[in-house]
Each structure stands twice: as structure tokens, then as C-alpha cells.
Amino acid sequence: MVRISHSHWLYLIIIISSCLVTLSSSAYLPVKAVNLGGWLVTEGWMTPSLFNNIPNKDMLDGTQLHLKSVTLNMYLSAEGGGDSIIVANRTSASDWETFKLWRVNERTFYLRVSMGQFVRISTRSSRLVAKATNPSTTEAFVIVRNSNNRVRIRAPNGLFVQVSTTADAVTADYAEENTNWGDNDPSVFQMELGRQFQGEFQLTNGYGSNATSVLRNHWSTYITEDDFRSMANDKLNAVRIPVGWWIASDPNPPKPFVGGSLQTLDNAFTWAEKYNLGVIVDLHAANGSQNGNENSGTRDGSKEWGTTDENIDQTVAVIDFLASRYAQRSGLLAIELINEPLAPGVTLDSLKKYYQAGYNAVRKYTPNAYVIMSNRLGPADSTELLQLASNLDKSVIDVHYYNLYTDMFSRMTVQQHIDFVNNNRSRDLNTVMVANGPPVFVGEWSAECGGCENKATKEDYQRFAQAELNVYGGATFGWSYWAWKNVNDHWSLKWMIDNGYISL
Ligand SMILES: *[C@@H]1O[C@H](CO)[C@@H](O)[C@H](O)[C@H]1NC(C)=O
Ligand SMILES: *[C@@H]1O[C@H](CO)[C@@H](O)[C@H](O)[C@H]1NC(C)=O
Ligand SMILES: *[C@@H]1O[C@H](CO)[C@@H](O)[C@H](O)[C@H]1NC(C)=O
Ligand SMILES: *[C@@H]1O[C@H](CO)[C@@H](O)[C@H](O)[C@H]1NC(C)=O
């Protein structure tokens with residue numbers, strides 16, 4: 001008989017229990033997951049009705065405008081792109097003629113020019129200049145709109161902005177309150193709205209004091225325990241949950257973000273555990289925005305994440321917070337450190353530095369959770385992170401495959417889409433899945449395809465989705481569909497399953 005001492009028993013128990021925990025996180029592999037997109041990070045294209053009750057809702061943060069003087073028929077322009085005067089002498093509008101809104105309230109805005117400064121009145125004259133770096137009351141312009149998108153702009157000095165006949169001086173010195181909005185009024189501009197954003201910043205800042213109730217209602221109704229039950233019934237085994245950086249300062253995040261998403265994420269863990277689904281917590285929106293898209297919580301499309309050490313450290317602190325809170329939850333499958341950083345703005349060096357530090361933060365709390373590293377979007381080599389990840393136990397590379405967003409895809413026939421998945425995507429995936437390398441996750445894909453909306457039949461979608469499932473099913477870590485719910489049916493896995501387009 002072998003005698004086992006107390007201390008040996010202790011070791012044995014530790015080894016067995018850590019095996020059990022290890023089993024529990026790898027038990028979900030390969031992952032068949034769905035993204036709970038549009039839930040804790042707003043994306044207006046998925047949930048447009050959330051924006052319905054915002055006053056002046058086409059003038060949210062980041063909205064790009066061109067302003068054309070009706071007397072001169074010329075566009076306002078920030079000379080040199082910024083850090084100089086505002087003029088009114090351009091016959092066509094592009095970057096220098098584009099003003100991005102920062103919304104103060106439904107009628108009051110800061111106007112940001114392409115080089116990043118804000119418009120204000122010169123300290124020496126009544127001319128407008130683009131020279132402010134931190135906007136406040138001296139940069140707050142009221143935009144008075146008529147029904148034909150003609151506008152007048154009341155400057156912080158209480159007077160209206162006007163053009164002069166020489167076109168190169170734009171001044172804030174027009175006192176006349178009344179206007180007939182006619183072509184003879186030098187204070188009237190035709191406003192042309194360009195790119196708009198509908199993300200978390202736009203929603204919360206747009207609703208102002210009503211944002212908390214709007215979002216709490218959304219969080220508690222958009223995804224419920226029933227959804228987790230359905231996902232399990234549909235043979236999914238995990239969820240990927242996008243979260244924003246502000247979740248770490250719940251219940252009092254910096255304005256305009258609102259608290260409550262953390263409690264919702266806690267609920268998600270409880271439901272996931274009840275139905276045996278693994279949870280991938282995905283930092284989708286990093287402070288400063290890593291890609292300038294609305295899904296990263298951007299204010300105006302700027303991409304500023306990763307440009308300072310302080311910003312990287314603050315983002316590591318968000319991961320630290322999430323890891324410490326959820327490390328002991330049996331449902332925790334993985335933490336994804338950041339979603340879709342965009343090259344070349346996010347440099348490989350700063351990203352690797354962040355990934356190493358984020359990995360270490362997770363490992364302070366758990367040896368078991370996978371740590372997922374998203375490849376960069378844009379002109380980046382899909383193997384650029386393999387060396388780093390190969391040296392970090394249980395790290396995973398995330399790649400996203402959409403047959404969308406470029407002319408090449410919108411010109412393809414359905415059969416060409418299918419061939420592209422079978423040939424090019426499988427080759428792309430095999431390029432990343434190297435021997436002794438990290439497992440690879442197709443963390444986002446959908447059965448929508450470029451140009452398909454108008455021409456593809458149900459059978460086409462079935463064949464396309466099946467091709468994707470076959471190829472992405474070969475990913476060593478698994479895949480996750482974008483998304484569970486979406487007003488655009490083909491982007492909703494729930495709709496696709498309920499309507500017989502996809503079966504797992
Ligand atoms: C617009 O006015 C500015 C300031 O006078 C001048 O420097 C610039 O050349 C003008 N641009 C055009 C296109 O007329
Ligand atoms: C908040 O909602 C109330 C009632 O719908 C509305 O009257 C008010 O204007 C809203 N406030 C904002 C800032 O949207
Ligand atoms: C977010 O970024 C801003 C601007 O870089 C910075 O001032 C602020 O401290 C950051 N907040 C957090 C919580 O990271
Ligand atoms: C896709 O693969 C085919 C051959 O398998 C190749 O001819 C084509 O150029 C590839 N397309 C792209 C966009 O890489």
C-alpha cells in the first residue's frame with residue numbers, strides 16, 4: 001500500500017482541481033459561438049430604433065458637415081486644414097471644408113476641423129479661426145436650422161457668423177436676429193450632412209439625462225435569459241460579448257457614458273453558466289478608439305488609442321478589472337484584449353506591448369482563461385502576432401472574415417463568394433494556423449455577402465453559409481457569428497436558424 005502524506009494529498013487535490021478547471025475552459029473547444037453585438041456597445045446599424053427619440057438626431061457627435069454660403073456659393077474652409085483662419089472661398093468641399101460636430105446639447109456644438117482643432121473667434125478680431133485644442137464655452141456655436149437645411153450659426157459672442165464679399169474673412173459680427181433665409185443673407189449657409197456615427201457616445205450624449213433609462217431598458221430587454229436558453233438549444237457552446245472601456249468605471253463612468261452594463265454582464269455570466277455556454281469577454285471599444293468606427297465608442301471617427309503609454313496602461317487596467325472580476329466564474333472562457341485595432345494608426349509595436357501587458361494582467365488572476373489577440377485590420381500581415389502568441393500559453397489569434405465592404409466583394413456572384421470562402425479564406429486561415437502556433441479563432445463572420453442582398457435566394461444563402469461553416473469550422477479555436485440579433489436579418493444568427501437558413 002502506498003502511503004500518501006497530508007502534504008501529498010494537498011498537492012494531489014490541487015493538481016486534480018486545476019485539471020478540472022482547465023478542462024472546463026477547453027471543454028468549449030472548438031468554439032461555436034455567437035457575438036452578442038449591439039448589446040453592451042451600441043451599434044446603430046444593428047439597432048436603429050434606439051436612436052428614434054433623440055432630438056435633432058441627425059446632428060450627433062462626429063457628424064460631418066459642409067457649410068456653403070448662399071450669397072457667395074462658396075464653402076467654408078479651414079485654411080491649411082486647421083491652426084489658421086476660416087475662409088469662404090472654395091467651390092467644392094473635401095477634407096479642409098469638413099467640420100465634425102461635437103455635440104454640447106441638441107443645438108449647441110463645437111466644430112472640429114480636419115487637423116483636429118476647434119473653431120473659435122480670434123482674440124484680435126471678429127474673424128473665425130481654427131486654433132482651439134480643448135473646446136469649452138468659447139468654442140460653443142449654436143446652429144439654428146430651418147426646414148431646408150439652411151442654417152445660421154450663432155457664435156459664442158451672441159452674434160451670427162457671416163461671410164464678406166471678399167470671401168476670405170468669415171466673421172462673427174452679424175447682429176440681425178431676423179432672416180427670410182434667402183440667397184441675399186450673408187449669415188445663411190446651406191448645410192450638407194456627410195458621414196454620421198451611431199455608437200455608444202452618440203447615443204448617450206444625444207439622450208443626455210435620458211440616456212440612463214434608454215440604455216438600461218435596452219440592456220434588460222435586448223438579450224435575456226431566454227436568448228441564452230435558445231443559443232444552447234441551437235447547439236452553440238459560447239458567446240462573445242463586446243464591452244466598452246467605460247464598463248470598468250461602472251456605476252459612474254465618465255460622461256456621457258452611463259453605468260449599468262457591468263450588472264448586465266454579471267447577468268450574462270449567470271445565464272451562460274446555467275446553460276453551459278462559455279463567455280468570451282471582448283474589449284470592443286478602447287478609450288480613444290482603436291479604429292475610428294462607431295463600434296469602438298468613437299466620438300468623431302478619430303483613432304487615438306495606443307498613441308501614449310498612459311492610454312495603453314489605462315486599457316490594461318480595464319483588462320485587469322475584468323479579469324479580477326470574472327476569473328473565478330466557471331463560465332469564463334476567454335478575455336479578448338482589444339477588437340480590430342486598425343493598421344497603420346495602431347502600430348505593431350504599441351499593440352504588442354499592450355498584448356503582452358494585457359496577457360500578464362489576465363494571468364495574475366487565472367492560468368486557465370484563454371487570452372485572445374485580434375489581428376490588425378488594414379494593411380497588416382496576418383502572421384505578425386504569431387511569434388508573440390506562440391510564447392504565451394493559451395493565447396489565441398482572432399481573425400475576422402467578411403465578404404463585404406469592398407468593390408471586389410460587391411461585384412461577386414454568389415458562386416464567386418462561395419469559391420472565395422473555399423479557396424482564399426481557407427488559404428488565409430491556414431496561413432495563420434501554423435504548427436506549434438497559437439489556436440486561431442474566426443471571431444467574426446456573417447452569412448451576408450457583398451451584393452447578395454439584392455440577388456441571392458434563400459438557397460444561395462444556405463450554400464454560402466454552409467461553405468463558411470465548413471471552412472471556419474476548421475479553425476483550431478472555433479468561430480463566432482456576427483451577431484445574435486440584428487434588424488438586418490442575414491446578420492442575425494437567431495433569425496437565420498429560426499428561418500432555416502443555417503443549421504448547426
Ligand atoms: C482663400 O483665401 C485665403 C486667404 O485669403 C487664401 O490664402 C487662399 O489662397 C484662398 N483660396 C482660394 C482657393 O481662393
Ligand atoms: C427626455 O425625455 C423627456 C420625455 O420624453 C423629453 O421631454 C426631454 O426632452 C428628454 N430630454 C432629452 C435631453 O432628450
Ligand atoms: C480616456 O482618455 C482620455 C483622453 O486620452 C483621458 O483623459 C482619460 O483619463 C481616459 N480615461 C480612462 C478611464 O481611461
Ligand atoms: C483568390 O484565389 C484565387 C485562386 O485560388 C486567385 O486567383 C485570386 O487572385 C484570389 N483573390 C484574392 C482577392 O486574393
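**Chat about a predicted model**

Visitor: Is tryptophan 245 buried or exposed?
Guide: Tryptophan 245 counts as buried, because its relative accessibility is 16%. Buried means under 20% relative accessible area, exposed means over 50%, and partly exposed is in between (1.4 Å probe, protein chains only).

Visitor: What sort of model is this?
Guide: This is a predicted model, in which local features need pLDDT of at least 70 and side-chain atom pairs count only at pLDDT 80 or more, while totals for chains, interfaces and linings use all residues; side-chain values use heavy atoms, with hydrogens and water left out. Residues are numbered from 1 along each chain as its sequence is written, and chains are lettered from A and ligands numbered from 1 in the order in which they are written.

Visitor: What is the mean pLDDT?
Guide: The protein chain has a mean pLDDT of 95, and 95% of its residues reach 70 or more. pLDDT is the predictor's confidence in each residue, from 0 to 100.

Visitor: Where does it stay under 50?
Guide: Over residues 18-23, for which the model has four contacts beyond four places in sequence. A contact means heavy atoms within 4.5 Å.

Visitor: Back to rings. How many aromatic pairs are there?
Guide: Rings of Phe, Tyr and Trp (its six-membered ring) pair if their centres lie within 6.5 Å; planes under 30 degrees apart count as stacked, over 60 as edge-to-face and the rest as tilted. By this rule there are 22 aromatic pairs. One of them joins tryptophan 245 and phenylalanine 257, which are edge-to-face at 5.5 Å centre to centre, with 75° between the planes.

Visitor: Which parts does that pair tie together?
Guide: Both residues lie in the loop between strand S14 (238-244) and helix H5 (261-274), so the pair ties together parts that are 12 residues apart in sequence. Helices (H or I, at least four residues) and strands (E, at least two) are DSSP runs, numbered from the N terminus. Phenylalanine 257 is buried, with a relative accessible area of 6%.

Visitor: What about tyrosine 401 and tyrosine 472?
Guide: They form a tilted pair, 5.6 Å centre to centre with 40° between the planes. Tyrosine 401 is in strand S18 (residues 395-403) and tyrosine 472 in helix H12 (residues 458-472), so this pair links distant parts of the chain, 71 residues apart. Tyrosine 401 is buried at 6% relative accessible area, and tyrosine 472 is buried at 0%.

Visitor: Which aromatic cluster are they in?
Guide: One formed by Tyr401, Trp445, Tyr472, Trp479 and Tyr481.

Visitor: New topic: H5. What should its residues span?
Guide: The expected span of a helix is 1.5 Å times one less than its number of residues. The 14 residues of H5 should therefore span 20 Å, which agrees with its end C-alpha atoms being 20 Å apart.

Visitor: Which of its residues are buried, and what covers them?
Guide: Buried residues in H5 include Ser261, Leu265, Phe269 and Trp271. Among the elements covering the buried residues of H5 are helix H3 (211-222), S14 and helix H6 (309-326). Just after H5, asparagine 276 takes a positive phi of about 60°.

Visitor: What does UniProt list for residues 215-486?
Guide: An unreviewed UniProt entry gives "domain: Glycoside hydrolase family" for residues 215-486. UniProt positions are in the numbering used here, feature names are shortened, and annotations may be inferred rather than shown by experiment. That span, residues 215-486, is 41% helix and 18% strand, and its end C-alpha atoms lie 17 Å apart.
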